[in-house]
Amino acid sequence: MPNRSISNRLTRRGFIHGAAGAGLTLVAAPALLRRAVAHNWGTACGDPFSLGVASGASRPDGFVLWTRLAPEPLSSDPRTPGGMSGGDVTIGYEIATDSAMRNIVRGGKATAERAYAYSVHLDVTGLRPGRPYWYRFTSGDAASRIGRAATLPARDAALDKLRFGFVSCSNYEHGYFAAYRHLADEHPEFVLYLGDYIYEYVEHNRPVVRRHSDGVESATLPTYRNRYAQYRLDPDLQRLHAEVPALITWDDHEVQNDYAGKYSEYFTDPELFLMRRAAAYRAFYEHMPLRPIVSQPHGPIMRVYDRFGFGGLIEISLIDGRQYRSREACYGPPYKGGAHLETDKSCPERLAASRTMMGFAQEAWLHSGLAHSNAQWNLIAQDVLMAQYRLRQGDDFAFSTDDWDGYPANRTRLLRHIHKTRVANPVVVSGDIHSFLANDLKLDFDDPTSPVVATEFVGTSISSYGPPYRPLARALPDNPHVHFFESRRRGYVCVDLQPAHMQVRMRVVSDARDPNAGISTLRTFAVESGRPGVVAA
Ligand code: FE
Ligand code: CA
């Protein structure tokens, strides 16, 4: 197949954009372009690699390299995603062992698939374990930025240290992504994205710092595509993806707030909601460095959960906490579609053993992986708060239905399994609630004598507004397994792991409304090998 350059396949609007980038006056420019320039996207226009590059799904012998051709990244015409039209496009790629791309060890052709918005998911194999590689894509005269990828260490490799970050909840309208930039500056080996990578809705009630470009809630394939494209135009996020491999799962806002399986918080007919979910999952696949075949969506079904081992030091189980869920406990109109508070009296259904957060297939997969792991540390990376968090309601306690408190039977099964099979150094990392927490995970949260079996760290949001501090902080005495709670700061978490010691730094930006925000450490915690539970560092 000839290597057709994409330059002759730009749409008319794509050409206008490109011309404007070269200095056309704004007088004749369409509204879309004026918006683009106002938002400082001008230089991206016309570049087929405007959305940058990414690597992920790393293995000891390879990884997935991603890009998406989008000379007009926010095309409003659904027939020309990213300003592209026509069939699949063949582009070139190169992989080198040095950052200057001098020692090229691999190269060839990759396909940008029309069916997936001209995205590329290049599954590279046959590389050497435990080392970085650099790569770029080319098309005609255009070349992408150079990205950095890395193979995982060999299964039996002895690692004495590993740095990684975890992030969640980057609402474009609520702030800038300075936190992503500062995480890139720490040079972690990989970043765990724990969900709410995009927000589907448009903010109408609270102050906004910048706007979702189309002004509509994402609900269709073109509108989800453009949402991801807009986020990927952010220079800090784009840089983090170019420099650091990504291991990615999702939470609710990649589809819709507080959805559970096929159940929408707005009581949409589940068959209709699954059509929306299919569009959302497809756009997620199109923009992430996920494995083709394994993670390719089939209608509303898509495999995201996965496992990654870093030598004998740590094994990471990446969990999908949304696709396979039972619907919210005591689901019902008009107000109980998403997160709501329930007591044991008001909603006995919440406690039912049949309710599942992970789905029984994923649960079996996780239990099996944990039982057979030989790693020194075992990380469960997932979307929502796992520790119990009870809130006084009269002389009773209430629980939120949208996190693991909505699925306590599933939580108990997991923690019992961890305890019974003596999983080595189990640590859970979570997102979703736009707050830092450091928690002991206990077999029975209500029994002070019950053993601590694992440790949980929750990272705050990159930019999304946090929940009100006071009512949640007031509940801390009723939740003694929670060692730390802070909802007023934005940032990420950076973990430095050694065989005997895990150090967890909660990093905060000075102001998420400031694109040039500074960074500092709010608190540092630790976990010691062989002793589950939070330790102050
Ligand atoms: Fe969020
Ligand atoms: Ca969420």
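Predicted model: local features only at pLDDT ≥ 70, side-chain atom pairs only at ≥ 80, totals over all residues.
**Ground rules.** Residues are numbered from 1 along each chain as its sequence is written, and local features need pLDDT of at least 70, side-chain atom pairs pLDDT 80 or more, while totals for chains use all residues. Side-chain values use heavy atoms, without hydrogens and water.

**Select the whole protein chain.** Colour by secondary structure: there are 9 helices and 25 strands (DSSP runs, with H or I of at least four residues for helices and E of at least two for strands). The radius of gyration is 23 Å, close to the 24 Å of the globule rule for 537 residues, so the chain is as compact as a globular protein of that length (C-alpha atoms; the rule is 2.2 Å times the number of residues to the power 0.38). Along the principal axes, the C-alpha atoms fill a box of roughly 70 × 55 × 45 Å.

**Colour by burial.** Of the 537 residues, 61% are buried (under 20% relative accessible area, 1.4 Å probe, protein chains only).

**Show contacts.** Take pairs at least 6 apart in sequence: 70% of these contacts join residues at least 24 apart (contact means heavy atoms within 4.5 Å).

**Zoom to Asp-432.** Find the loop between β18 (426-430) and β19 (436-442); Asp-432 lies there. Asp-432 is buried, yet has no salt bridge (a side-chain nitrogen of Lys or Arg within 4 Å of a carboxyl oxygen of Asp or Glu). Select Arg-322 next: this nearest side chain of opposite charge is 4.5 Å away.

Beyond four places in sequence, the contacts of Asp-432 include Ser-168, Cys-169, Asp-196, Asp-251, Asp-252, Asp-383, Val-384 and Asp-402.

Notes
Chains lettered and ligands numbered in written order. Buried < 20%, exposed > 50% of the residue type's maximum accessible area, 1.4 Å probe, protein only. Lys, Arg positive; Asp, Glu negative; His and termini not counted.
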